[in-house]
Amino acid sequence: MSEFRLYNTLTRRVEPFAPVDGSTVRMYACGPTVYNPAHLGNFRTFLFEDLMRRTFALYGWDVLQVMNLTDVDDKIIRKAAANGQTITQVTEPFTELFHQDRRYLRIQDAEVYPKATEHIPEMIALVETLVANGTAYVADDGSVYFAIDRFADYGKLSQLDKREVRAGARVAQDEYAKENAQDFALWKSAKGEDEASGAAWDSPWGRGRPGWHLECSAMAMKYLGETFDLHAGGIDLIFPHHEDEIAQSEAATGKTFARCWCHGEFLLTDGAKMAKRVGNVATVVDLREQGIDGAVYRHFIFNAHYRKQLNLGEDSLEQSQAAVRRIGTFARRLAEATGGTAALADAAKRAEDAFRAALFDDLNAPEGLAALFTFITEGNRELDAGGGDVAALAEARRVFGVIDGVLDLVPAADNTDGELAAWVEERLGARRDARARRDFAAADAIRAEIVARGIALEDTANGTKWRVG
RNA sequence: GGCGCCGUAGCCAAGUGGUAAGGCCCGGGACUGCAAAUCCUGUAUUCGUCGGUUCGAUUCCGACCGGCGCCUCCA
């Protein structure tokens, strides 16, 4: 089997990747901050991580994936304060929505979804370690900061040494409390609104709450160990979030935190980064309301490499819809066929080899998709040819299953209500009679009637088939 | 200002130092009563522009033009 290769942000190169224990990939993926619906840009990253875990499984590895749910942070507290709610009241509905959305996009369950608020003791323990070993210091107000100049490797992920900080760019409002403007908060002393919204806990430094980066370090190490295989997230998290995670984790343990770092590029909308602040966000709910299958969005995302920016344009989803329809048609033909040809099995074999090679080479999904479509064209040709080779058909089905087990692009079966189905069947009967007496004008009128309701017809040797769309 | 990415057919998008995957759309043909689905077939002598290296560059180097991102909360 070909070697698995991944781009590692730490080295800025594509390099061989394998779990350190040889069998289970331990990966941590930064999850959503649950104070708003996650948008399609966020889901591009989650889809990239879904592709990643499924590809690891295809390679034969087990996967232990942890995705955190950030349920305490400035924005959540601000929203809670504005609504006179607790942070839990703010985060619960959005946590539920997140899971609904990810299921709609067929994103597989991670093994663990830890919440920040349920790991306060672990976070405090981590801060205590850092204070004890001198890399963190307590400010007068009870906040605790990490001193970046006491961690020699600070900046290795984002290659800070190659940058110049823009003059006047960083003026944090609580800078007065820090020894160095770039030190970051591990623990923030509680303010009035923190207490009011339930976002304050007892600590050795008084009432307070965790800094943003802390939860990921504490929870990753709790569930995956002090050193684990892979840490993934959006490219914007490289700095400062991931840089700070490395600092606080490695300063505490003296060990490598994540062995490999992977970052997915942004989704743009009409040329600009999709972001709440820009106001150009679209959500999974929008997709649902437009009747766009999750498979369509998956196709759109996987049609571009994860390390390239991707623009969601006017007809992007329409193109993907057509592509996915073709995949669905092939899946149906494969399921309904009764036999194949030797050439069908050959095509399947080539497709599987090409698909694996593409995905194991830094998750090249576009190339994997090309292998799938080549298989579909060749497979359709053989299916047209007929053939009674049952083993060949079984092989083709198996390979299709392998590929779709990773991409998951077959549109959902129509969940037509019984009433509509009965109506279609009745009309189809009338059309059949009309065709039998060669009254094609009447038959076509009935077809137009059915098509007008969004049903597609297909006359085959075994009668007329129909489906929504 | 610093760091980085990108610019491939009408659209989306892979890719390689030796001559351009795949999808969508479109044209022609087969099949069909007509369609649909499917198949066959045709669409980039060319990969932003200008130079350089090379026997040979879209692929390497440089400059330029254009787009995007990060440096601050951020997938």
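1. A residue is counted as near a molecule or strand if one of its heavy atoms lies within 4 Å of it. Of the 57 residues around RNA strand B, those that come nearest are W212, G234, K273, R277 and D384.

2. This is a predicted model, in which local features need pLDDT of at least 70 and side-chain atom pairs count only at pLDDT 80 or more, while totals for chains, interfaces and linings use all residues. Residues are numbered from 1 along each chain as its sequence is written, chains are lettered from A and ligands numbered from 1 in the order in which they are written, and side-chain values use heavy atoms, with hydrogens and water left out.

3. The surface near RNA strand B comprises 24 charged, 17 nonpolar and 16 polar residues. In this count Asp, Glu, Lys and Arg are charged; Ala, Val, Leu, Ile, Met, Phe, Trp, Tyr, Cys and Pro are nonpolar; and the others, Gly among them, are polar. Helix α12 (residues 365-385) supplies the largest share of this surface, with nine residues. Helices (H or I, at least four residues) and strands (E, at least two) are DSSP runs, numbered from the N terminus.

4. Which part of RNA strand B provides 66% of its atoms within 4 Å of the protein, sugar or phosphate on the one hand or bases on the other? Sugar or phosphate accounts for that 66%, and the rest belong to bases.

5. A backbone N or O atom of H305 is placed 2.7 Å from a phosphate oxygen of RNA strand B.

6. An open sheet of three strands, with mixed pairing, has the order β12-β11-β13. Because β12 (272-273) and β13 (310-312) stand at the edges with a single partner strand each, one side of each is left without a neighbour in the sheet. Two strands pair if DSSP finds at least two bridges between them; β11 (residues 267-269) and β12 are antiparallel and share two bridges. Within this pair, L268 is opposite K273 of β12. Helix α9 (residues 294-302) packs on the sheet and touches β11 and β13, its direction making about 145° with that of β13. Contact here means heavy atoms within 4.5 Å; axes are lines fitted to C-alpha atoms, for helices over the stretch in contact, and angles run from 0 to 180 degrees between N-to-C directions.

7. A further open sheet, of four strands with antiparallel pairing, has the order β5-β6-β7-β8. Its edge strands, β5 (136-138) and β8 (208-210), each pair on one side only, and the twist averages 20° from one strand to the next. Strand β5 is joined to β6 (residues 144-146) by three bridges, with V138 opposite V144. Helix α7 (residues 238-253) packs on this sheet, touching β6 and β7 (184-189), and its direction makes about 80° with that of β7.

8. Two hairpins deserve a look. Strands β14 (residues 455-460) and β15 (residues 463-468) pair in the antiparallel sense over six bridges; two residues join them in a hairpin, and D459 stands opposite T464. Strands β1 (residues 5-8) and β2 (residues 13-16) are antiparallel over four bridges, and L6 has E15 as its bridge partner in β2.

9. Most residues other than glycine have a negative phi, and most peptide bonds are trans. R12, in the β1-β2 hairpin with its four residues between the strands, takes a positive phi near 60°. R106, in the loop between α3 (87-104) and α4 (120-132), has a positive phi of about 60°. The peptide bond joining F239 and P240 is cis, with omega about 0°; P240 is found in helix α7.

Terms used
A polar contact is a pair of N or O atoms within 3.5 Å; within protein, one must be able to donate a hydrogen and the other to accept it, and residues adjacent in sequence count only if both atoms are side-chain atoms.
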